[in-house]
Amino acid sequence: MPSTFVLETLGAEMSEIAFFDTRAAFAMRVGQLSSLLYDQMESCLVSSGLRLRGYTTSIVQTLHHAGPQSITELAERLQLSHQLASQRVRWLVGEGFVTIDRGAEDRRRRIVTLTSDGSAEAEKLQEFLPVLQSAYADLFDEIGLDVHRAVLDATAALADRPLAVRCDP
C-alpha cells in the first residue's frame with residue numbers, strides 16, 4: 001500500500017491531470033524519485049559526519065578512484081551535461097573539496113583535483129557507501145524489486161532500441 005507521502009505528494013493532486021497516473025509519466029516519476037533519494041541521502045550523509053551533498057558524491061568518488069580529471073571528462077564518465085558537472089564542481093570548489101587548474105598541455109582544459117579536505121571527505125565516503133548500499137538493499141527487499149538492476153536493464157534496452165523507435169507507430 002502506498003504511503004501517505006506518495007498519495008499526497010505524487011498521487012492525489014497529480015491524478016487529476018491526464019496521464020500523470022499512468023506509465024506515460026514514467027520519466028517524471030523517475031525524476032521525482034531521484035530528487036527524493038538525493039534529499040533523503042543528505043540526512044544520511046550528515047548523520048555519518050560527511051559534509052558532501054548527495055549529488056556531488058559521484059564526482060568525489062570518481063576523483064578519489066580515477067584521479068584528477070577535466071570537467072568534460074567527469075561529465076562524460078558520469079553521463080552528466082557539461083553544465084551540470086560544472087555546477088556540481090563549483091559547489092565542491094566553494095566548499096574547499098576540489099580545486100580547478102588549467103591543464104599543463106592545453107590551457108583551455110580545466111582540471112579538477114581533490115584537495116586534502118576533499119581527500120579526507122572521500123575517505124569518509126568510502127566508509128559510508130556500504131551503509132548506503134545496505135539501505136538500498138533494504139528498500140529493494142521491501143518493494144520486491146532491485147531498482148538498481150531494473151535501471152541498468154532499462155538503460156541498456158533504451159540504448160539498443162531508443163524510445164523514439166518505441167513511439168513510432
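Colleague: At what angle do α3 and α6 pack, and how far apart are their axes?
Modeller: The angle between α3 and α6 is about 105 degrees, and their axes are 10 Å apart. That makes α3 roughly perpendicular to α6, a label for angles of 65 to 115 degrees; under 35 counts as roughly parallel, over 145 as roughly antiparallel and the rest as oblique. Axes here are lines fitted to C-alpha atoms, for helices over the stretch in contact, with angles from 0 to 180 degrees between N-to-C directions.
Colleague: Which residues make the contact?
Modeller: From α3 you have Thr57, Val60, Gln61, His64 and His65, and from α6 Gly118, Ala122, Glu123, Leu125, Gln126 and Leu129. Contact means heavy atoms within 4.5 Å.
Colleague: And how do they divide into nonpolar, polar and charged?
Modeller: Four nonpolar, six polar and one charged. Ala, Val, Leu, Ile, Met, Phe, Trp, Tyr, Cys and Pro count as nonpolar, Asp, Glu, Lys and Arg as charged, and the others, Gly among them, as polar.
Colleague: Before we go on, where do these coordinates come from?
Modeller: It's a predicted model, where local features need pLDDT of at least 70 and side-chain atom pairs count only at pLDDT 80 or more, while totals for chains, interfaces and linings use all residues. Residues are numbered from 1 along each chain as its sequence is written, and side-chain values use heavy atoms, with hydrogens and water left out.
Colleague: OK, on to α2. Which of its residues are buried?
Modeller: Met41, Glu42 and Leu45, buried being under 20% relative accessible area, exposed over 50% and partly exposed in between (1.4 Å probe, protein chains only). They cover an arc of only 115 degrees around the axis, so they sit on the same side of α2; the arc is taken over directions from the helix axis to the C-beta atoms.
Colleague: What do they pack against?
Modeller: Against α3 (57–66) and α6 (116–143). On the other side of α2, Phe26, Asp39 and Ser47 are exposed.
Colleague: New topic: which residue just after α2 takes a positive phi?
Modeller: Gly49, at about 80 degrees.
Colleague: What about Phe19, where is that?
Modeller: Phe19 is in the loop between α1 (4–12) and α2. Its phi is near 75 degrees, positive in a residue other than glycine. Most residues other than glycine have a negative phi.
Colleague: Is Phe19 buried or exposed?
Modeller: Phe19 counts as exposed because its relative accessibility is 58%.

Technical notes
Helices (H or I, at least four residues) and strands (E, at least two) are DSSP runs, numbered from the N terminus.
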